[in-house]
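Thanks for coming, everyone. Please put the structure up on the screen, and I will walk you through it.

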Amino acid sequence: MTSEAVEPVLAGVRNFRDLGGLPTTDGRRVRQGMLFRSGHLARATDQDAAFLTRLGLHTVYDFRNDADIALDGTDVALPGVRNVNMPLTDPAHGVEFWKLVRDGEVAVLREELADGRAVARMQESYADIVRTRTAEHGRVLRELAEGSVPVLMHCAAGKDRAGLSVAITLLALGVEQEAIEADYLLSNAPHRRYEVHRGDGALEAEDRKGIDPEVRELLAPFFDARPVYLATAYATIADVWGDVDTYLSRGLGLTDPLRGALRDRFLA
């Protein structure tokens, strides 16, 4: 089950949704109005900001790095909301990535990304975040357990860094992995996708005129939510920690009392 049916469409914020309703393995469900995800808030309209304010958010976690923020802008301020910028990728990588996406010639893109290389880069990014960002994800879970709710998690597109952070939170809540993947894949809907412009047109806008079809194909792995990416994250957890419970306890420092408090807050 997903929250697709009750989702509002915001004018300047892509990929927004409430994770309420997702089922856990013990028969409970995530409470409505507690855990939200989206793309960045830099282009939120006044109406979008008013809607987000009415959610009563305690904390917004922004997982973008400096390169992302320089490209899209800082989040629109929401009154009374605690904003936490917690980059989950290296800023230098962001600069290199966006230069490639926006300005790379077809020959360069082909050399860098063809024959599965783009997918492999995405898989390695997911694995790297799981392996190296344990302090950040542990902090998020502890703060949520201690009361930093309701919460909105976002990155640039709300797909990868936010998607992983949401998935890890849902794992801690005991949400079924099938439901986690189903929610993750909602980011592929056309109206959710991050809008990227190149010198020859808009890549993910409704109007794609002028974009070389080969360029779209080469860059697609960066802007798709693919099951193999989430599977890579799960495989990394298994390879490094053995299982999810050990990852949560030893990797992220989520004690049994904290995990119990987290579930009490988020589950009905």
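Start at Val81. Val81 counts as buried, because its relative accessibility is 14%. Buried here means under 20% relative accessible area, exposed means over 50%, and partly exposed is in between, with a 1.4 Å probe and protein chains only. Val81 sits in the loop between helix H2 (66-72) and E4. Helices (H or I, at least four residues) and strands (E, at least two) are DSSP runs, numbered from the N terminus.

What is Val81 in contact with, leaving aside its neighbours within four places in sequence? Leu57, His58, Thr59 and Val60. Contact means heavy atoms within 4.5 Å. Gly56 is 25 residues from Val81 in sequence, and the two C-alpha atoms are 8.2 Å apart in space.

A word on the source. This is a predicted model, where local features need pLDDT of at least 70, side-chain atom pairs count only at pLDDT 80 or more, and totals for chains, interfaces and linings use all residues. Residues are numbered from 1 along each chain as its sequence is written, and side-chain values use heavy atoms, with hydrogens and water left out.

Now the overall picture. The chain has twelve helices and seven strands. Of its 268 residues, 55% are buried. Take the contacts in the chain with a separation of 6 or more: 74% of them are between residues 24 or more positions apart.

Gly56 leads us to helix H1. H1 covers residues 46-54, and Gly56 follows H1 with a positive phi, near 70°. Which residues of H1 are buried? Asp48, Ala49 and Leu52. These three lie on the same side of H1, because they cover an arc of only 95° around the axis. The arc is that of the directions from the helix axis to the C-beta atoms. Look at the other side of H1: Asp46, Gln47 and Arg54 are exposed there.

Next, the sheet. Strands of a sheet pair through backbone hydrogen bonds, either parallel or antiparallel. Two strands count as paired if DSSP finds at least two bridges between them. Five strands make an open sheet here, ordered E1-E2-E5-E3-E4, with mixed pairing. E1 and strand E4 (82-85) are the edge strands, each pairing on one side only.

Stay with strand E2, residues 35-38. Both of its faces are covered. Leu35 and Arg37 are buried on one side, and Phe36 and Ser38 are buried on the other. E2 runs antiparallel to strand E1 (residues 17-18), and two bridges join them. Asp18 has Phe36 as its bridge partner in E2. Arg17 stands opposite Arg37. E2 also pairs with strand E5 (residues 151-154), in the parallel sense, over four bridges. There, Ser38 has His154 as its bridge partner.

Two packed helices are described by the angle between their axes and the distance between the axes. Axes here are lines fitted to C-alpha atoms, for helices over the stretch in contact, and angles run from 0 to 180 degrees between N-to-C directions.

Helix H7 (residues 161-173) packs against helix H12 (residues 256-266) at about 100°, with axes 9 Å apart. H7 and H12 are therefore roughly perpendicular. The cut-offs: under 35 degrees is roughly parallel, over 145 roughly antiparallel, 65 to 115 roughly perpendicular, and the rest oblique. From H7, Leu171, Ala172 and Leu173 meet Arg259, Leu262, Arg263 and Phe266 in H12. That contact has five nonpolar, no polar and two charged residues. By class, Ala, Val, Leu, Ile, Met, Phe, Trp, Tyr, Cys and Pro are nonpolar, Asp, Glu, Lys and Arg are charged, and the others, Gly among them, are polar.

H7 also crosses helix H11 (residues 244-251) at roughly 105°, and the axes come within 10 Å. So H7 is roughly perpendicular to H11. Ile168, Leu171 and Ala172 in H7 meet Val244, Tyr247 and Leu248 in H11. By class, this contact has six nonpolar, no polar and no charged residues.

Last, some backbone details. Most residues other than glycine have a negative phi, and most peptide bonds are trans. Asn15, in the segment before E1, has a positive phi near 65°. Asp115 has a positive phi too, near 55°, and lies in the loop between helix H4 (106-113) and helix H5 (117-132). Buried or exposed? Asn15 is buried, at 3% relative accessible area, whereas Asp115 is exposed, at 74%. Finally, the peptide bond from Val149 to Pro150 is cis, with omega near -5°. Pro150 is in the loop between helix H6 (134-145) and E5.
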